[in-house]
Amino acid sequence: MPAEFPEAREPEDPRPDFLATLPRITRLSAAITRGRLVERAAEEAGLGRDRSAVGVLVTLRAAGNPLRIGEIADRMQVVGPHITRQVQILEKRELVRRIPDPHDGRARLIEPTDAGTEAVSRYLAFLFGWFTDALADWPRQDRDDLVRLLARFADDVTTRLALLDDEEN
């Protein structure tokens, strides 16, 4: 049986609260996708419906500095040629540009242009505003806990999935 689908077994310490959470995670993902939240944010920001191109801009924004194509691909967990195509599209729209890598004269880094920075800022402002409204009735501590725990959860799941990928290669 593949490593990503281990043989089913009865858990030693069943956690009904965790088991009840799994369908909620699926429902949340479907609701966000079905509700076209990401597409609406991209349209509001003037970025169109190209999720991958938006992902490149968000990745660059989160990094806070220019990145190589391979670094963008790693952070987005996709293959380099896919990012190369997205960067070319963004270059044509003058949302990113290539600059020399100061540490390696042969390499190029990708950075957002002013227009790209403004567009991704509008995109993130739309999303942040939407989620802020969704959580408006939550106490501050609950919101802080949610952010902290979601970040930890995403990091831990991503790390474990990378280990599965390493086992297969």
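Student: Let's start with Phe153: in which helix does Phe153 lie?
Tutor: Keep in mind that we're looking at a predicted model. In this model, the helix that holds Phe153 is H7.

Student: And is Phe153 buried, partly exposed or exposed?
Tutor: Its relative accessibility comes out at 42%. Buried would need a value under 20%, and exposed one over 50%. With 42%, Phe153 falls between those limits, so the label is partly exposed.

Student: Phe153 is part of a nonpolar surface patch; about how much accessible area do the patch residues have together?
Tutor: The patch takes in Phe18, Leu19, Leu22 and Ile25, along with Leu150, Phe153, Val157 and Leu161. Taken together, their accessible area is about 730 Å².

Student: Which elements give two or more residues to that patch?
Tutor: Check the numbering of the patch members, which include Phe18 and Leu161. The elements that give two or more residues to the patch span 16–34 and 140–168, and those are helices H1 and H7.

Student: Moving to helix packing, are H4 and H5 roughly parallel or roughly perpendicular to each other?
Tutor: Helix H4 covers residues 69–76 and helix H5 residues 80–92; their axes are 9 Å apart, at an angle of about 110°. Angles of 65 to 115 degrees count as roughly perpendicular.

Student: What is the handedness of the crossing of H2 and H6?
Tutor: Helix H2 (residues 37–44) and helix H6 (residues 114–134) have axes that come within 8 Å and cross at roughly 135°. That angle makes H2 oblique to H6. As for the handedness of the crossing of H2 and H6, it's right-handed.

Student: How many salt bridges does the structure hold?
Tutor: One of them joins Arg36 and Glu43. Another pairs Asp104 with Arg68. The total for the structure is 9.

Student: How far apart are the closest N and O atoms in the salt bridge between Arg36 and Glu43?
Tutor: Both partners count as partly exposed: Arg36 has 28% relative accessibility, and Glu43 has 35%. A salt bridge requires nitrogen and oxygen within 4 Å. For Arg36 and Glu43, the closest N and O atoms are separated by 3.1 Å.

Student: How many residues apart in sequence are the parts that Asp104 and Arg68 tie together?
Tutor: The two side chains meet in a salt bridge at 3.5 Å, N to O. Asp104 is in strand S2 (residues 104–112), whereas Arg68 is in the loop between H3 and H4. The pair therefore ties together parts whose separation in sequence, in residues, is 36.

Student: Of the salt-bridged residues Asp104 and Arg106, is Asp104 buried or exposed?
Tutor: Arg106 sits 3.1 Å from Asp104, N to O, and with 75% relative accessibility, Arg106 counts as exposed. Asp104 has a relative accessible area of 16%. The cut-off for buried is under 20%, so Asp104 is buried.

Student: Last one: what separates the C-alpha atoms of Arg61 and Ile89?
Tutor: Arg61 is in helix H3 and is partly exposed at 41%. Along the chain, Arg61 and Ile89 are 28 residues apart, and their C-alpha separation is 17 Å.

How values were computed:
Residues are numbered from 1 along each chain as its sequence is written. This is a predicted model: local features need pLDDT of at least 70, side-chain atom pairs count only at pLDDT 80 or more; totals for chains, interfaces and linings use all residues. Side-chain values use heavy atoms; hydrogens and water are left out. Patches are made of residues with over 30% relative accessible area and no salt bridge: like charges are joined within 9 Å, nonpolar side chains (Val, Leu, Ile, Met, Phe, Trp, Tyr) within 5 Å. Accessible areas come from the Shrake-Rupley method with a 1.4 Å probe; for residues, only the protein chains shown count as cover. Helices (H or I, at least four residues) and strands (E, at least two) are DSSP runs, numbered from the N terminus. Buried means under 20% relative accessible area, exposed over 50%, partly exposed in between (1.4 Å probe, protein chains only). Axes are lines fitted to C-alpha atoms, for helices over the stretch in contact, and angles run from 0 to 180 degrees between N-to-C directions. Angles under 35 degrees count as roughly parallel, over 145 as roughly antiparallel, 65 to 115 as roughly perpendicular and the rest as oblique. A crossing is left-handed if the near helix is turned anticlockwise from the far one by less than a right angle, and right-handed if clockwise.
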